[in-house]
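Here are some notes to read alongside the model.

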Amino acid sequence: MSAPLVPLHPEPVAGDDHTLRWVVPVGVLDFVGAPREVPACLQTLLDDGTIEALAVEPAAVRIRLSAPASWRVDGPRMRAAVQEALAVPEQWSPVGNGSPDEVLRMAVQEVIDGDVGAYVRSHGGDVALLEVHDGEVDVRLSGTCTHCPASDVTLTDRFETAVRARYPALRAVRARDDTAPGGVRRLLSLTPLRRR
Amino acid sequence: MNAGRSKSRASVATLRAIPRLALVGSPNSGKTTLFNALTGLRAKTGNYPGVTVARYEGTGRVADHEVVVEDLPGTYSLDPISPDEQIVTDVLDPLHDVDTPDGLVVTLDATTLRRSLGLLSHVLHTGLPVCVVLTFTDELTRRQGSLDVDALRRALGVPVVSVVAGRRHDLSELRELLPDPQSWSRPPVLPPTGPSEVSSWIASVLSAARYVMPAVDERTRRVDAVLLHPLWGTLVFFATMFAFFQVIFTVAAPLQDALERFFGYLGSLVDAYVPAGWLGSFLSDALLGGVGGVLVFLPQIALLFLLVSLLEGVGYMSRAAFLMDRVMSKAGLEGRAFVALLSSLACAVPGIMATRTLPSARDRIATMMAAPLMTCSARLPVYVLLIGLLVEPGTRLGPVGAQGAVMFGLYLLGAVSAMVAAWAFSRIGRGSGPLLPFYMEMPPYRMPSARSVALSVWGACQTFLRKVGKIILLTTVVLWLLLNLPARGAADLRAAGVDTRDDAAVSAYVIDHSYAADAGRFVEPVFQPLGFDWRINIGVLASLSAREVFVATLGQVAAAEDPDNPSTALQDMTLDEGPRAGEPLFTPPVLAALLVFFLYALQCMSTVGVLRRESGSWRWPAIAFGYLFVLAWVMALTARLVVGAVT
């Protein structure tokens, strides 16, 4: 018990009382998606049907309980199990190929669905994921973003920061102009951001 | 926990109209400021921990609803170590017979969020609806910290509102939330309970909220380098206190003169329009001479509280407590005791209540025994009057006024005596047990809000006026009766050889042969060695109810002897009997003895009452009264002899 525990707290998922996102620091688990193997303490709960579904996200473990179980009653037990399982990350393994780009793709999608995407949409713009390869991300900015002089700032300050928080190995985020296929509108360098 | 929920639901059903909310938070996290803003009440706030030790309750109007808001003492955890923390735990415990609130408003100081979240994790486990109010976010920003309030709300699962407590327009969001605690979102899973699990939870919540710790406040750090310095800090402390009393004398004097002139004018009106007789005597002697004599000290009281609340609001009082903690710990007392003694500068009653922050029962008693020695504001009128007789107003000691210097000396002597008494009482019986750790937050220097300073001064003036209106008026009327009874007919007076046409001679005769004079003469043997005559004795006896009554009594006696000019009458009062008959009564040795007597004696029934309540029996108030009386007598005799030898 002397080693500090992995930081952990639950956040609700809107409109779904049975699911909680257990927020975990980035990098504790090095894959995303459904796990093939989980530590015994979680496997038991999957086996006896308490946990209906479990998925790893870039900065969280999403757990859905099946009907009779509820977070209010079973929460402390579930916390203990997740906490214990996080202490042994090597006992987790992914179902899919679990490639780093897969993690990155999910991280980008989370950012688009989350605060940053909401911010862009609130200003009448839109951002969509086009492609992820080798740690580089191509997105499309549309709507009011198209001719907005501040879209650069949004992309570096907000979008890239948020993605990097979930995927520290991010190499670049590019905004690609769809109307001219294949044409790269601008490439954002990483170096100026390193000063953080 | 289940019992808690069902009980709180039941109480909501009955109290549907008026929900009860309690404010919980660490010391100095802005609870009381928030409380005052929500309820418009005037609870005392200060920029040092431990100001609120009792429960305050107030009603706030929120939109169209009323809510009852209760301000609880600050606490760092719900595992109580001291009586004031026990109050919080009892209120939050649904099984305890104290009314459990319908919802808890937890104030979290944004600059010390990591520590504050530990308290929040405890509070969430009570099962009551919880709403978080983030305070000092303005200061967090100023000190280059940052925090995402929305993300914090998501991570905690409860409503989070950021309120800069002094500013009223920040409150609208909170006001919308308050009327319906049952609608507040609750965390899906309660925080963990084990210590390492709790730190894991706190770390995770803070990183989700992208919390950046504030830098050490540069301004505060630089100022503290001087003010907390063992040598410079102490020098600054004494210089500040010295300046403090100079201001009280020099600034308040013109205001006091104006008030005196006003009462003099009222007196001339009474003389002109009210026929001489018992009514005229009552109006001019009892009301104007007695009560008016006390009322003229209102400017000093207001000024004292203005200065104290400025020092508190800025954050200097915590530094003073820190400096003194070094001294106190040498004497085996902890810094919390000093905070209690500091509160006693205003009045011993809150000071004694502040001992609830002390975990050790032995230290509590020791501090209670010492608190009455701190110079409270009730002594101020007595000191000002007597110092005025002792030292000519213009006298200067080098660059400073002598009156202020004497006053400073009295405060200093009171403080030193209090420390010595606390030390002595903590030694008796305790041996030398280990000291519990004392944490005192050094709050950053803040501009005191004009509102809270004004409220503090207004509150003090109100208390003073209420005291004058009740206890002092009552005692004065009783005294007036005692001074004027038995009634003397013209035949009695002629039989005693008094010229009935000379009003002054008549009233002098009546007073000299009144019941009060009998009482004064009865105790004369006790006070004879101190040089007090029966008139001072009456004052001292009467001042057992409240110290200011002494001023009122002397005012009455003087007004009876010379209705037009009571202050000169006081100055020229002579002994009228005994071996020293004809000599002036108020000689420097007698004045010194009186000052010292008032410094030590426990002449305050409110203090005795609160001692009884806080210690749970009559034993300690009796001990306090006894030891302080003996001490007062011995020290007054010493003062008389010393001053007599010097002058």
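The points below take the chains, their contact and a few local features in turn.

1. **What kind of model this is.** Please keep in mind that this is a predicted model. For chain A the mean pLDDT is 80, with 87% of the residues at 70 or more.

2. **Chain A at a glance.** Chain A is built from five helices and ten strands. It has 196 residues, of which 33% count as buried. If you look at its contacts with a separation of 6 or more, 59% of them are between residues 24 or more positions apart.

3. **Chain B at a glance.** In chain B you will find 29 helices and eight strands. Here 49% of the 647 residues count as buried. Of the contacts between residues at least 6 apart in sequence, 74% join residues at least 24 apart.

4. **Where the chains meet.** The contact between the chains involves 17 residues of chain A and 16 residues of chain B. On the side of chain A that touches chain B, strand 1 (9–13), strand 2 (16–23) and helix 2 (71–86) each supply at least two residues. By residue type, that side of chain A has twelve nonpolar, three polar and two charged residues.

5. **The nonpolar cores.** The largest nonpolar core holds 124 residues, and those touching the most other members are B:Ala370, B:Leu386, B:Leu595 and B:Phe597. Helix 18 (residues 402–427) of chain B gives this core its largest share, twelve residues. Apart from this core lies another of 101 residues, and its members include A:Leu20, A:Val137, B:Leu128 and B:Leu134.

6. **Helix 5 of chain A.** This helix (residues 151–166) has 16 residues and reaches 21 Å from its first C-alpha to its last, close to the 22 Å expected at 1.5 Å a residue. Even so, do look for a kink of about 30° centred on A:Glu160. A:Glu160 is also one of the buried residues of the helix, together with A:Ser151, A:Thr154, A:Leu155, A:Phe159, A:Ala162, A:Val163 and A:Arg166. What do the buried residues of helix 5 of chain A pack against? Their partners are helix 3 (100–113), helix 4 (115–122), strand 7 (125–133), strand 8 (136–143) and strand 9 (172–176) of chain A.

7. **Helix 29 of chain B.** Helix 29 (residues 619–646) has 28 residues, which at 1.5 Å a residue should span 40 Å; its end C-alpha atoms are 40 Å apart, so the two values agree. Its buried residues are B:Pro621, B:Ala624, B:Leu628, B:Ala632, B:Ala636, B:Ala639 and B:Arg640. An α-helix has 3.6 residues a turn, so residues three or four places apart point the same way. The buried residues of helix 29 pack against helix 16 (361–370), helix 27 (588–600) and helix 28 (605–615) of chain B.

8. **Two positive phi values.** A:Asp134, in the loop between strand 7 and strand 8 of chain A, has phi near 50°, a positive value in a residue other than glycine. Is A:Asp134 buried or exposed? It counts as exposed because it has 12 or fewer C-beta neighbours inside 10 Å, namely 9. B:Phe136 has phi near 60°, again positive in a residue other than glycine, and is found in the loop between strand 5 (130–135) and helix 5 (137–142) of chain B. With 28 C-beta neighbours inside 10 Å, B:Phe136 counts as buried.

9. **A glycine on a helix.** B:Gly469 sits in helix 19 (residues 450–484) of chain B. Why does B:Gly469 count as exposed? The reason is its 12 C-beta neighbours inside 10 Å, since 12 or fewer is the cut-off for an exposed residue. Its C-alpha atom is separated by 8.2 Å from that of B:Val291, a residue 178 residues apart from B:Gly469 along the chain.

How values were computed. Residues numbered from 1 in each chain as written. Chains lettered and ligands numbered in written order. Predicted model: local features only at pLDDT ≥ 70, side-chain atom pairs only at ≥ 80, totals over all residues. Helix = DSSP H or I, 4+ residues; strand = E, 2+ residues; numbered from the N terminus. Buried ≥ 20, exposed ≤ 12 C-beta atoms within 10 Å, placed from the backbone. Contact = placed C-beta atoms within 7 Å. Nonpolar A, V, L, I, M, F, W, Y, C, P; charged D, E, K, R; others polar. Expected span 1.5 Å × (residues − 1). pLDDT = per-residue confidence, 0-100. Bend = angle between axes of the 7 residues up to and from the residue. Core = buried A, V, L, I, M, F, W, Y, C linked by C-beta atoms within 7 Å.
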